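Hello,

I am handing over the structure below, followed by notes on what was found in it. Please read them with the model open.

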Amino acid sequence: MSTNSTTPSVSRYFSHQLYYQITRFFLFGYALCAIAFPDVGEVFRAGFLLLSLPLLYTHWPQLKKDPMMWAFFGVIIVQCLSWANSLMHIPDIANAYPHVDRLAKLFLLVPIGLALQGRKDAVITLTACFVLGVFIACYTQSDFSNQIQRLLHTHRVDFGLKNAQYTSMLGGVIAIISAFSFYLVDKSRWTIRAFFALSAILGLALALVSQSRQVWLALAIVIALTPALMFIVGLIKGKKKLLLGYAFVVVTLFAVSQSDYIQNRALKESSVISSVVQGNLDNIPMTSVGVRLNSWLAAWDVFQKSPLVGLGENGIGYVISSSEKLSELKKTVPMYSNLSHLHSNHVETLVAYGLAGFALILFIYFQLARRCFSYRDGADNNKALAFFCIAFFIYWLTINAFETFNSRSLGVFAFVIISGCFYSLTSAKNNTQGED
């Protein structure tokens, strides 16, 4: 009797707005400090994870019907099956027990979404913390003055954010989420809108000066698709506006592509790509592009041996060790001595978890995009939500085709923060759109 009478009061405690505000405090601290001050960020992350556990309990009636939770249990099962398969095919390097966090950590977006409660002000605050955190990290994690000097001499810079690939990735994410937040903020709050307008420009600049071609490609694809996506979700109406939009996009992309700065970087390895297009796959040089292509060819050979559930996370290392070219690269080129990934999250997922694991990851993207698309109605904010969600996932799918962001801590951090915002704003139960 005492247990039954206590349970409702405990649930009420965890459902109280003060509890959500405390949980969001740790979430905002995590978003702000994770990159700029990693040790402090870990404290905030631990606090948020601890406080978010009761939210999973109080929201369980809602969550058990959510396809996102089905996908979560699905990746747990697939990772266990992949581990069991590795015991049979690569027993010498298989893990002693299944490691399920590699894919499961992507679902941190769910407790983030619950903590935000679908509140517009909470989402804006979280995105602002994320954006500020990245910009602060550019200063705290690098010799900032030296980076600026290199930038002014058109050298590639990374501002100390792991490497230039990740700096570019974060720049593109900032550009997209800042543009969305600008749209989300009420027009009367012009100072906040000015902040997001500036951060969107700085995000694009960060992506530009860090010179990662996959991010440039992803942004170009998003820009090229923007008029069509805005037309589909209802942000622009009429074929005339659609054609004007594409006229602007074509002129913009053409003008940008004529820059020597862009061409010198984008076309640097065009001869390698041309050789591959002509079918010369046996003698691909070990350039930046060449290493990727050789990694994918080696991965294809391993993938065919276990296409359904893969060989577990150690299957990635098995691809490298079983490839003569990649093994030789590790021995002879110092910068590749610690090579441990295949330069494509999609390829790594197929090798490690097979078609089943890859399909589940795609399902996450599709489910979130579908939720945002179906959520649009007469309100422009909801149409903007659909547009920016789809744009983000197009961007994310593209860059992960050429790098392993989705399985690295910095990439996972960006993914769960942004996806958590989209997930929260389409929450059927808690979409209050209120102000704290």
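Cysteine 389 is buried, at 0% relative accessibility, where buried means under 20% relative accessible area, exposed over 50% and partly exposed in between (1.4 Å probe, protein chains only). Cysteine 372 is buried too, with a relative accessible area of 0%. This is a predicted model, in which local features need pLDDT of at least 70 and side-chain atom pairs count only at pLDDT 80 or more, while totals for chains, interfaces and linings use all residues. Residues are numbered from 1 along each chain as its sequence is written, and side-chain values use heavy atoms, with hydrogens and water left out.

A disulfide is a covalent bond between the sulfur atoms of two cysteines. The rule used here takes a pair of cysteine sulfur atoms within 2.5 Å as a disulfide, and by it the count is 0 disulfides.

On the overall build, the protein chain has 21 helices and 0 strands. Helices (H or I, at least four residues) and strands (E, at least two) are DSSP runs, numbered from the N terminus. The C-alpha atoms fill a box of roughly 70 × 55 × 45 Å along the principal axes. For 436 residues, a compact globule would have a radius of gyration near 22 Å, and the 23 Å of the protein chain agrees with that. The radius is taken over C-alpha atoms, and the globule rule is 2.2 Å times the number of residues to the power 0.38. Buried residues make up 51% of the 436.

Helix α20 covers residues 380-400, and its end C-alpha atoms are 30 Å apart.

Of its 27 lining residues, the closest to the centre are Tyr30, Arg45, Leu108, Ser409 and Val412. Two or more lining residues come from each of α3 (38-58), α5 (67-89), α7 (109-116) and α21 (409-425). Helix α3 gives the most, with 8 residues. By class, the lining has 18 nonpolar, 5 polar and 4 charged residues. Here Ala, Val, Leu, Ile, Met, Phe, Trp, Tyr, Cys and Pro count as nonpolar, Asp, Glu, Lys and Arg as charged, and the others, Gly among them, as polar. On a 1 Å grid over the protein atoms alone, a pocket is an open set of points where a 1.4 Å probe fits, with protein on both sides within 12 Å along at least five of seven lines, and lining residues have an atom within 4 Å of a point.

Most residues other than glycine have a negative phi. Glutamine 117, in the loop between α7 and α8 (120-140), has a positive phi near 60°. Histidine 343 has a positive phi of about 60° and lies in the loop between α18 (324-332) and α19 (345-375). Glutamine 117 is buried, with a relative accessible area of 7%, and histidine 343 is buried with 7%.

Terms used:
The expected span of a helix is 1.5 Å times one less than its number of residues.
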